[in-house]
Amino acid sequence: MLTTTTDLIGSPVEDLDTPCLVLDLDILDANLNRMASFFAGRECQLRPHFKNHKCTTLALKQLQAGSAVGITCAKLGEAEVLVDAGIDDILIANQVVGRRKIARLIDLALKAKIRVAVDSQQHVELISAAAAEKGASVGLLIEIDIGMGRCGIRDSNQVLELARLIKNQPCTRFDGFQAYEGHTVGIPDRDERRQVATTSMQYALDVASELNRNGVEVAIVSGGSSSTYDATGILPGMKEVQAGTYATMDWSYRRWAAEFEVALTILARVISRPREGVGVVDFGVKGMGDEFGGPQFVGFPDADIPRSLSEEHCTVGNVPQWKVGDAVHAVPSHACTTCNLYRQFYVATDGVVIDVWPIDGAGRLA
Ligand SMILES: Cc1ncc(COP(=O)(O)O)c(C=O)c1O
């Protein structure tokens with residue numbers, strides 16, 4: 001018989017079928033409130049990044065927590081899920097390319113306020129032509145490469161020229177800049193990180209001032225992260241911070257933003273004790289994004305964690321206490337790629353399931 005969501009409400013977390021994702025609501029709320037409080041009353045507001053959890057229920061909570069102007073996402077498919085959930089102000093912080101995708105982008109822009117990153121004339125012309133056909137208006141942010149070396153342009157003359165091109169198209173709005181300081185997020189020393197992030201973002205803000213002096217208004221500069229929000233989010237002219245991981249956290253990100261606690265764990269079960277001191281749990285790379293390392297097990301700091309996992313197994317050493325059938329909580333190394341692997345969060349307080357939230361953006365990669 002299929003277990004329904006309502007059957008699970010009130011169950012101890014340890015009774016859930018494993019592996020599954022558990023969100024501690026008290027910790028989550030504390031993280032959301034901490035970040036919202038930081039931005040209360042500031043020129044710069046939050047635009048939380050959906051990439052972290054891909055759950056529209058959680059995105060709505062981030063908006064309700066305050067100091068937020070909308071949601072950031074990485075993919076058009078995520079933006080569609082967000083609009084379906086009633087969220088009407090969305091930034092797709094990447095380029096949307098391809099005929100069918102641009103048609104979907106325009107359809108979405110007819111339903112909600114959509115902004116998207118561009119960094120070439122080609123992007124602008126393709127979006128503008130498709131928008132004109134349907135009488136839509138799409139907000140464009142020019143992506144500035146402030147040091148990460150991913151997408152984006154740097155030369156201020158090139159930026160000015162592209163901004164003028166956008167302004168001259170009938171169906172695109174030039175709304176400002178996308179500028180993400182991703183190369184600074186993991187700098188271990190907080191003072192050094194603050195300094196490098198500030199210098200990097202200041203470049204985009206200086207280009208914005210130059211455009212303003214040339215009569216091209218840059219309304220928005222959007223960027224930032226969970227480990228640099230307190231550096232770039234306080235710069236004059238900065239309008240939006242796209243922090244993502246602060247909501248759920250994971251053990252690797254906590255090294256850089258320890259003020260946020262880990263709200264997300266993978267509940268796993270010990271399925272075998274094949275050798276002395278060794279326990280095997282029931283998730284592998286199909287249950288945890290492991291590109292930043294293996295999991296950490298709550299309450300077992302001395303466990304020997306494998307660097308790489310099997311598809312469905314994680315073999316852990318130095319856990320003589322573990323018995324077959326035990327439920328254990330694993331903190332993932334990378335929350336964002338882990339959440340993308342599951343269909344729901346079991347939301348718990350004090351170890352009891354109180355709600356189930358669909359991860360409705362999972363797998364929306366296109
Ligand atoms: C475009 C963009 N903005 C912001 C972020 C910040 O996210 P986080 O707070 O998880 O570092 C990311 C992270 O990948 C990103 O790609």
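Trainee: Which residues are around the ligand?

Mentor: Keep in mind that this is a predicted model. The residues around the ligand are His49, Asn52, Ala93, Tyr180, Gly182 and Val185, together with Ser225, Ser226, Gln242, Ala243, Gly244 and Thr245.

Trainee: How do the residues of that shell divide into nonpolar, polar and charged?

Mentor: Eight are polar and four are nonpolar. No charged residue belongs to the shell around the ligand.

Trainee: Now the sheet. What is the order of its strands?

Mentor: Start with the general idea. Strands of a sheet pair through backbone hydrogen bonds, either parallel or antiparallel. Here the sheet is open, has eight strands and shows parallel pairing. Read the order as E2-E9-E8-E7-E6-E5-E4-E3.

Trainee: Which are the edge strands?

Mentor: Strand E2 (45-46) and strand E3. Each of them pairs on one side only.

Trainee: Take the E3 end. How many bridges link E3 and E4?

Mentor: Three, in the parallel sense, between E3 (residues 71-73) and E4 (residues 89-92). Look at Cys73: its bridge partner in E4 is Ile92.

Trainee: How does the chain cross from E3 to E4?

Mentor: Through helix H4 (residues 76-84). This β-α-β crossover is right-handed. H4 lies across E3, E4 and E5. Its direction is at about 175° to E4.

Trainee: And the next pair, E4 and E5: how many bridges are there?

Mentor: Four, and the pairing with E5 (residues 113-118) is again in the parallel sense. Check two positions. Ile90 stands opposite Ile114 in E5. Ile92 stands opposite Val116 in E5. Ile92 is also the bridge partner of Cys73.

Trainee: Which helix makes a β-α-β unit with E4 and E5?

Mentor: Helix H5 (residues 99-109), and the unit is right-handed. H5 lies across E5 and strand E6 (138-143). Against E5, H5 runs at about 145°.

Trainee: Step back to the whole chain. What does the domain assignment give?

Mentor: Two entries. Domain 1 is built from 5-22 + 258-358, and domain 2 covers 26-247. Note that domain 1 is written as two segments. The C-alpha centres of the two domains lie 33 Å apart.

Trainee: Last, the backbone. Where is the cis peptide bond?

Mentor: Look at omega. Thr18 and Pro19 are joined by a cis peptide bond, with omega at about -5°. Pro19 is in the loop between helix H1 (5-8) and strand E1 (20-24).

Trainee: What is phi of Met249 near?

Mentor: Near 60°. That is a positive value in a residue other than glycine. Met249 lies in the loop between strand E9 (240-241) and helix H10 (251-254).

Key: Residues are numbered from 1 along each chain as its sequence is written. This is a predicted model: local features need pLDDT of at least 70, side-chain atom pairs count only at pLDDT 80 or more; totals for chains, interfaces and linings use all residues. A residue is near a molecule or strand if its C-beta atom, placed from the backbone, lies within 6 Å of it. Ala, Val, Leu, Ile, Met, Phe, Trp, Tyr, Cys and Pro count as nonpolar, Asp, Glu, Lys and Arg as charged, and the others, Gly among them, as polar. Domain bounds come from an automatic or database domain assignment. Two strands pair if DSSP finds at least two bridges between them. Helices (H or I, at least four residues) and strands (E, at least two) are DSSP runs, numbered from the N terminus. A crossover is right-handed if, with the strands pointing away from the viewer, the path from the first strand over the helix to the second runs clockwise. Two residues are in contact if their C-beta atoms, placed from the backbone, lie within 7 Å. Axes are lines fitted to C-alpha atoms, for helices over the stretch in contact, and angles run from 0 to 180 degrees between N-to-C directions.
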